[in-house]
Amino acid sequence: MTTGADLVADAMLEAGIDFVATLPDWNLGRLIERIEKEPRWKQVRLCREEEGVGICAGAYMAGKRPALVMQNGGLMNSVNGLVTTSLQFGIPTLLLVYYAGDINTRFFSTVGHMTEPILNALGIRYYILREREGVGKIIAGAAVLAWDSRRPVAVLLNRDFLRSEG
């Protein structure tokens, strides 16, 4: 069975992502497993999400197409790096963010409530994946938008979507 996480990984490959920074998260486990097994990706495991902003910036300057995989709480930890590095210097990065506190998830409602306003305040465009349909188009489009605008673009990943099978 193909999970939503598998669809995301496949779409990342199709979008030309070749460098991925990750931080362990239970809800992102299947996606991170796929990333670890994919020989076409260089993966860097992080201790803190904001490290990933700088690491992805370096990867971009070395000619890579980076993605940063994290939870939305980690996105909030990364605001300074996103502003002072990615946004200030025009570093495109695909942000794949587990959307804790989204509809039909327990706990973290405050984090979920603040996620979209923070992205809006930063001027980071985002798209939410709650359904299996259109995953490839959304991730490919977000990657094109990131590289064309030279800015990070986020794709928020709902728990039910990540776990869905089909």
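Asn-104 counts as exposed, at 53% relative accessibility, where exposed means over 50% relative accessible area, buried under 20% and partly exposed in between (1.4 Å probe, protein chains only). This is a predicted model, in which local features need pLDDT of at least 70 and side-chain atom pairs count only at pLDDT 80 or more, while totals for chains, interfaces and linings use all residues. Residues are numbered from 1 along each chain as its sequence is written, and side-chain values use heavy atoms, with hydrogens and water left out.

**Backbone with positive phi**
- Most residues other than glycine have a negative phi.
- Asn-104, although not a glycine, has a positive phi of about 65°, and its place is in the loop between β4 and α6 (109-122); helices (H or I, at least four residues) and strands (E, at least two) are DSSP runs, numbered from the N terminus.
- Arg-150, also not a glycine, has a positive phi of about 55°; this residue is found in the loop between α7 and β6 and is partly exposed, with a relative accessible area of 41%.

**Nonpolar cores**
- A nonpolar core is a set of buried Ala, Val, Leu, Ile, Met, Phe, Trp, Tyr and Cys residues joined through side-chain atoms within 4.5 Å.
- The largest nonpolar core has 33 residues, of which Val-8, Met-12, Leu-31, Leu-96, Ile-139 and Leu-157 touch the most other members.
- Elements giving two or more residues to this core include α1 (4-14), β4 (94-98) and α7 (135-149), and α7 gives the most, with seven residues.
- Apart from this core lies another, of 21 residues, among them Phe-19, Leu-87, Ala-154 and Leu-156.
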